[in-house]
Amino acid sequence: MSEHPPPPPTEYFFERHPWNNQWILFAIALVVSCFDYLAGPIVFFPILFVIPVALMAWNCGLRTALVLGAILCVIRFSIQYAWGIPYTLPVAIINAGVRLAVLFIITFLCGKLSEQTQALRARVRTLEGLLPTCAFCKDIRDETGNWHQIEEYVASRSEARFTHGICPNCVTKHYGDILNKNPKNIEPPAA
């Protein structure tokens, strides 16, 4: 039995290494936070927080990305506090809450988009369309021109698994003579 074909390469560059490693994304988030701190109180970089959080939502899951978003909002608020908040504390808290809400919405949308994209890729991988099949042995020709048994081909491209049996028509057609000779099927002679 041959091996399953390799999964198709991902379509987007940010789904491959290093962009799909959560620790690298955490490091990128910390670097962005450092730039935000070093820029001082005048120049703000909170929009750059979207990049690691969106990548985290796409590659590592929604929960991890939401945690990263909350951590980044706390870091951003701490940076503002360290430089001296230019407005009153209640306004700064409201600002941080709005920033957190917007970041969570973007994270949620990226996570759901990632889930839908993965589901669509799985659906595309299932069997659809016309299958070139041998009229005699019922083998199927794949995209590269190689022939495979129907069971192997379908199992490698879908979640279907096969068991085998014989339908009543084939039993009669192929084994009818054996069934007719079976002693159970022979009536006893009349006495």
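## Close-up views of the predicted model

**Figure 1. Trp 23 and Phe 26 both belong to helix α1 (residues 22–38), where 3 residues, about one turn of the helix, separate them.** Helices (H or I, at least four residues) and strands (E, at least two) are DSSP runs, numbered from the N terminus. The structure is a predicted model, in which local features need pLDDT of at least 70 and side-chain atom pairs count only at pLDDT 80 or more, while totals for chains, interfaces and linings use all residues. Residues are numbered from 1 along each chain as its sequence is written, and side-chain values use heavy atoms, with hydrogens and water left out. Rings of Phe, Tyr and Trp (its six-membered ring) pair if their centres lie within 6.5 Å; planes under 30 degrees apart count as stacked, over 60 as edge-to-face and the rest as tilted. By this rule there is 1 aromatic pair. Trp 23 and Phe 26 form this tilted pair, with 5.7 Å from centre to centre and 35 degrees between the planes. An α-helix has 3.6 residues a turn, so residues three or four places apart point the same way. Trp 23 is exposed because its relative accessibility is 61% (buried means under 20% relative accessible area, exposed over 50%, and partly exposed in between, with a 1.4 Å probe and protein chains only).

**Figure 2. The chain holds 6 helices and 2 strands.** Along the sequence, these elements follow the pattern α-α-α-α-β-β-α-α. Of the 191 residues in the chain, 24% are buried. The accessible surface comes to about 13,800 Å², and carbon and sulfur atoms contribute 67% of this surface. Accessible areas come from the Shrake-Rupley method with a 1.4 Å probe; for residues, only the protein chains shown count as cover. Among the contacts in the chain with a separation of 6 or more, 52% link residues 24 or more positions apart; contact means heavy atoms within 4.5 Å.

**Figure 3. Helix α2 (residues 50–60) packs against helix α3 (residues 62–83).** Their axes lie 7 Å apart, at an angle of about 165 degrees. Axes are lines fitted to C-alpha atoms, for helices over the stretch in contact, and angles run from 0 to 180 degrees between N-to-C directions. The two helices α2 and α3 are therefore roughly antiparallel (angles under 35 degrees count as roughly parallel, over 145 as roughly antiparallel, 65 to 115 as roughly perpendicular and the rest as oblique). Their crossing is right-handed; a crossing is right-handed if the near helix is turned clockwise from the far one by less than a right angle, and left-handed if anticlockwise. The residues in contact include Pro 52, Val 53 and Met 56 of α2, and Leu 62, Leu 68 and Leu 72 of α3. The buried residues of α2 are Pro 52, Val 53, Ala 54, Leu 55, Met 56, Ala 57 and Trp 58. Gly 61 follows α2 and has a positive phi, near 110 degrees.

**Figure 4. Helix α1 meets both α2 and α3.** The axes of α1 and α2 come within 9 Å and cross at roughly 170 degrees, so α1 and α2 are roughly antiparallel. Their contact involves Gln 22, Leu 25, Phe 26, Ile 28 and Ala 29 of α1, together with Pro 52, Leu 55, Met 56 and Cys 60 of α2. The axes of α1 and α3 come within 10 Å and cross at roughly 20 degrees, which makes α1 roughly parallel to α3. The crossing of α1 and α3 is right-handed. Among the residues that meet there are Phe 26, Leu 30 and Ser 33 in α1, and Leu 72, Ile 75 and Ile 79 in α3.

**Figure 5. Ser 33 sits in helix α1.** Ser 33 counts as buried because its relative accessible area is 6%. Apart from neighbours within four places in sequence, Ser 33 contacts Phe 49, Leu 72, Ile 75 and Ile 79.

**Figure 6. Val 74 is part of helix α3.** Val 74 is exposed, at 54% relative accessibility. Its C-alpha atom is 8.0 Å from that of Ala 96, 22 residues away along the chain.

**Figure 7. Lys 138 lies in the loop between α4 (89–125) and β1 (140–141).** Although Lys 138 is not a glycine, its phi is positive, about 70 degrees. Lys 138 is partly exposed, with 44% relative accessible area.

**Figure 8. Arg 157 is located in helix α5 (residues 150–157).** Arg 157 is buried, its relative accessible area being 12%. Arg 157 and Val 124 are 33 residues apart in sequence, and their C-alpha atoms are 9.8 Å apart in space.
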